[in-house]
There are 2 protein chains.
Amino acid sequence: MTEVEKLGQQAQQAALKLATISTKVKDEALQAMADALLEKKSFIIEQNNKDMKEAKKQNIGDALLDRLMLDAKRIEDISVSLREVAALKDPVGEIINGWRLPNGLIINKVRVPLGVVGMIYEARPNVTVDAAGLCLKTGNAVILRSGSVALNSCLALTDVVAEAASKAGIPDNAIQSIRTPDREAVYELMSLNKYVDVLIPRGGASLIQSVVQKASVPVIETGLGNCHVYVDKDADIDMAVNIIVNAKCQRPGVCNAAESLVVHRDIVREFLPLAVKKLTAAGVALVGDKIAREIAPEIGEAAEEDWITEYLALKLAIKTVVSLEEAITHVNKYGTKHSEAIITEDYSAAMRFTDEVDAAAVYVNASTRFTDGGQYGLGAEIGISTQKLHVRGPMGLESLTSIKYIVFGNGQIRK
Amino acid sequence: MTEVEKLGQQAQQAALKLATISTKVKDEALQAMADALLEKKSFIIEQNNKDMKEAKKQNIGDALLDRLMLDAKRIEDISVSLREVAALKDPVGEIINGWRLPNGLIINKVRVPLGVVGMIYEARPNVTVDAAGLCLKTGNAVILRSGSVALNSCLALTDVVAEAASKAGIPDNAIQSIRTPDREAVYELMSLNKYVDVLIPRGGASLIQSVVQKASVPVIETGLGNCHVYVDKDADIDMAVNIIVNAKCQRPGVCNAAESLVVHRDIVREFLPLAVKKLTAAGVALVGDKIAREIAPEIGEAAEEDWITEYLALKLAIKTVVSLEEAITHVNKYGTKHSEAIITEDYSAAMRFTDEVDAAAVYVNASTRFTDGGQYGLGAEIGISTQKLHVRGPMGLESLTSIKYIVFGNGQIRK
């Protein structure tokens, strides 16, 4: 039996027990895990230093180095996030609905854990603890696998929180990490249908696509966002400028940031110079189609590729359209079904856009940046699903659950 | 562009339009499809005859031949099932819930179609129309692919219903079949993530496993059922005999039929002779463990394989256990998480079994045969999901839907 197979078998055993553990024990375990992180801070930092040293040798770049780095402050933040998860409502056990059949059978549709969750992520040690906490809260066993650059850090964090959880009454092996840096182990996890109920990849597009392509275990696809803000002919111009600047600039590196601005030609002459001025002042590099460049000659020329690209940076592509219909067609053609916004004072245009645009979240007169579990009031967020199966949009705790039908009878047989 | 790619692109275009078609138009189209099947009966039977002739040459066996065969009566039944789907409530557009955020944003969580559904099935022509009807009702475009033995029949049915749907106002290409018998086309469909939102395989274990293993498009896994009836020490013996006979014999070839009987040793001497007598009289071949064979020496010896096998036939494996705990462990080890039953008058045993057994449906004092969309009152059934993602257990119309967040603002930007 390989390491991964063994982890899978152990996780499944743990998951069966974990499914019936009380909320109280789970919440106490989350607090104990938070305490343990603070107690073992120096051990964790020591292990993180090994990763940092090796990462510097490999020249992984400052942004990645920063994500990898753990210090006392960051460990405290991670520990606080576990306490926040402890404070959330436990979704497990909820009777979603129930009914009585004519033959007297009583059906309860009950929320239960998924079982075993596989998390595949990159060199972000904090994801280790985030995922462990969210899975524990929802009664799932988790098998974690970080990017190899972060392996020492992630194993240290896993060991610390898993030990604390066990001591607090959580079944052993509820929280495990794959210890080998061997890449084959990841592929093995992706095919471990016998033991793993779902895979959640977290990270960049290439990681997620690799998991989607290779996994036979069901996957929740997250992340990719080529989001548009469409400024309709009846937009409030000041509002439109505010919203595109916010959607592009407030945090350009995230999936719900806008990547394209689509503008109705009836308003483009009035709107675009104001928008270009503010966006340029905010440091945004602009490219646009022919009409946009006639109005704002200082912007670059957009190629077909620009309509497809998720820049994740201070860059924005500008498309002009002759109608609402053309705007909707453009958004549905190039969008990634994440978050799309219309700015308009026209009621019918707003209704048509929300009806016809196919995306997890469609906004009228608001920034795409709101697509977020915290902003929506869902509590913790595991990610943002861009697939349509199981969960779409911001994923709260419920997205880590499934259902079970419990049926009470008194001797019923099928006729 | 290949045939399958073209179908995918067309289906996606159709799906965008179909998502906003009214219930009235969809229901009228379903009625028109039902009418067309009756009108084109002789064309359909003629095409089916081609398949039947070829299938007989291939010696596919009487059971498969019977499933493949279409006559006037069967076409009428298929047409009635479309009218039944028309009479169901349309789940699309339901506002599942909604709330107002402190910043004034109003969030509506709305039920929407999945988009494009790929159905991969075997030589059962009726699945063509069933799937087309259920997908149309839920606003999904569908790409159908039957077993090659049934291809002429399925293409005839597709052409008839697709034409009727178009005439009734449904977008072209909402219902399509892959026309080439080439197996590669199926693999292509399984990897068509760009256009296909979900795959639903329907058929035997090998078809389903092949799709689960090879597809990169999200799959809803259906079907496999190694179901147990556990007779607890405090069971009502007459009820227990009735239920195991029903669960095994009422329709042995389906996934919710029982494959194993698990009996507590405190009741086995009293219960087993009665059960064996009735089961044997019903033509069931029995195998059991050592204790079971001491009590009923006429039964065969069970091997490890018997605990795993989904017989789908009049055969049953009998396991004896010393405790409720051992029964639960056995069920969780060998079950396929489909349907499991306990027969007991002991309240705590019933509660513990329903809590600890991991399955889509867990029964107290009722037959496993009830796991069915029709029996549960869900209306039509697309299949029974044995995975935990998206939908578990009987799949009604809602399982063919996803959600969309529609967010109404008045200029909100993220701080």
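I took two strands to pair if DSSP finds at least two bridges between them, with helices (H or I, at least four residues) and strands (E, at least two) read as DSSP runs numbered from the N terminus. The model is predicted, so I kept in mind that local features need pLDDT of at least 70, that side-chain atom pairs count only at pLDDT 80 or more, and that totals for chains, interfaces and linings use all residues. Residues are numbered from 1 along each chain as its sequence is written, and chains are lettered from A and ligands numbered from 1 in the order in which they are written.

**Sheet.** I followed an open sheet of 10 strands with mixed pairing, in the order β10(A)-β9(A)-β11(A)-β8(A)-β7(A)-β12(A)-β13(A)-β16(B)-β2(B)-β1(B). At its edges I found β10 (300–301) of chain A and β1 (95–100) of chain B, each with a single partner strand, so one side of each has no neighbour in the sheet. β9 (residues 285–288) of chain A runs parallel to β10(A) over two bridges, and there A:Val287 stands opposite A:Gly300.

**Helix pair.** I then looked up α2 (residues 23–39) and α7 (residues 151–167) of chain A, whose axes (lines fitted to C-alpha atoms over the stretch in contact, with angles from 0 to 180 degrees between N-to-C directions) come within 8 Å and cross at roughly 140 degrees. That makes α2(A) oblique to α7(A), since angles under 35 degrees count as roughly parallel, over 145 as roughly antiparallel, 65 to 115 as roughly perpendicular and the rest as oblique.
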